[in-house]
Amino acid sequence: MDVVSQNRCFDGVQMVCTHPSTCCGTDMTFAVYLPPQAEDGPVPVLWYLSGLTCTHENAMTKGGFQEHAADHGIAVIFPDTSPRGEGVADDEAYDLGQGAGFYVNATRAPWASHFQMYDYVTSELMGLVLDNFPVADRHGITGHSMGGHGALTIALKNPDRYDSVTAFSPIANPTQSDWGRKQLSAYLGDDESTWAEYDASLLLDELGWKDSILIDQGAGDQFLDLLRPEALATVLTRRRQAGQVRMHPGYDHSYFFVSTFAGEHVAWHAERLHG
């Protein structure tokens, strides 16, 4: 692992690192914020998964998580959204290929040789973080849009590994959305039965969650029809699952929305990770 940059931030440290990835078959970049409390001992970890077209940098610079993480004594990890580089498959469309990994393990050519983002986030990068930084093996996960989809599906499938989950404007029902059907068919093939394990609404209906779930959604989001938050809200109600889907009038899909509610999400995770 190489440290690309390191900056003092709210009395903690904001770092950007690169490393060769076995899962993705290329070099990967991620960012990590260590709060000042990490100087005295291991701190819990909040994973933030970004959305379409983003890299590790977008939420690191626009999300406003560092100040809240410093207040609550939590490290924040910002992975990239896909493998990148020469020899990595791509597509001309912004919503497929590099920048659009959808946090799945691809099984179909030409994507399968690099696009193993599910294993990368849940196993390889987690192991690297635990081995190299002063963090405890206690994890929360959140994300925005495609990253919200990733956070929900990853947590629901791994309740023994993650203690808390929230999402900002998640792609909540990708098997029934153009932000999902296109990508899942490309990465996994045309057998729709294989898509269900990457659909948060279907997974929640099947598996439930051990605690409460927090979803924040802008009611003025220009992509609302693609995100389908109503599907997730319906499952929460039908299962009587503890959770909130909060619709915020006037808010759109931007990082202005994310940064507005970042503090509440960090506090949500801190309550569960420190508890």
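**Aromatic and polar contacts in a predicted protein chain**

Lys 157 lies over the face of Tyr 118, at 4.3 Å from the ring centre; a charge is taken to sit over a ring if NZ of Lys or CZ of Arg is within 6 Å of the ring centre and within 35 degrees of the ring normal. The structure is a predicted model, in which local features need pLDDT of at least 70 and side-chain atom pairs count only at pLDDT 80 or more, while totals for chains, interfaces and linings use all residues. Residues are numbered from 1 along each chain as its sequence is written, and side-chain values use heavy atoms, with hydrogens and water left out.

The protein chain contains nine helices and nine strands, where helices (H or I, at least four residues) and strands (E, at least two) are DSSP runs numbered from the N terminus. Along its principal axes, the C-alpha trace spans about 50 × 45 × 35 Å. Of the 275 residues, 59% are buried, a class defined by under 20% relative accessible area, with exposed meaning over 50% and partly exposed in between (1.4 Å probe, protein chains only). Among contacts with a separation of 6 or more, 73% involve residues 24 or more positions apart, a contact being heavy atoms within 4.5 Å.

Arg 272 belongs to helix α9 and counts as buried, at 18% relative accessibility. Its side chain makes a polar contact of 2.5 Å with the side chain of Asp 211. A polar contact is a pair of N or O atoms within 3.5 Å; within protein, one must be able to donate a hydrogen and the other to accept it, and residues adjacent in sequence count only if both atoms are side-chain atoms. Leaving aside residues up to four places away in sequence, Arg 272 touches Arg 138, Asp 163, Ser 164, Asp 211 and Ser 212. Phe 30, by comparison, is 242 residues from Arg 272 in sequence and 25 Å from it in space, C-alpha to C-alpha.

A pair of aromatic rings is described by the distance of the centres and the angle of the planes. Across the whole structure, 14 aromatic pairs are found; rings of Phe, Tyr and Trp (its six-membered ring) pair if their centres lie within 6.5 Å, and planes under 30 degrees apart count as stacked, over 60 as edge-to-face and the rest as tilted. Trp 111 and Tyr 187 form an edge-to-face pair, with 5.5 Å from centre to centre and 90 degrees between the planes. This pair links distant parts of the chain, 76 residues apart: Trp 111 is in the loop between β5 (75-79) and α3 (117-132), and Tyr 187 is in helix α5 (residues 178-188). Trp 111 is buried, with a relative accessible area of 6%, and Tyr 187 is likewise buried, at 0%.

The rings of Tyr 251 and Phe 261 also form an edge-to-face pair, because their planes stand at 65 degrees, with the centres 5.3 Å apart. Tyr 251 is in the loop between β9 (243-248) and α9 (255-274), whereas Phe 261 is in helix α9, 10 residues apart. Tyr 251 is partly exposed, at 30% relative accessibility, whereas Phe 261 is buried, at 8%. Both residues belong to one aromatic cluster that also includes Tyr 48, Phe 65, Phe 78, Phe 168 and Phe 257.

Phe 65 is also one of the buried residues of helix α2 (residues 65-72), together with Gln 66, Ala 69 and Ala 70. These four are on the same side of α2, because they cover an arc of only 130 degrees around the axis, the arc being that of the directions from the helix axis to the C-beta atoms. Gly 73, which follows α2, has a positive phi near 70 degrees.

Two further loop residues are buried. Asn 105 lies in the loop between β5 and α3 and has a relative accessible area of 15%. The side chains of Asn 105 and Asp 119 are joined by a polar contact of 3.1 Å. Pro 174, in the loop between β7 (164-168) and α5, is buried with a relative accessible area of 1%. Pro 174 and Leu 184 are 10 residues apart in sequence and 8.3 Å apart in space, C-alpha to C-alpha.
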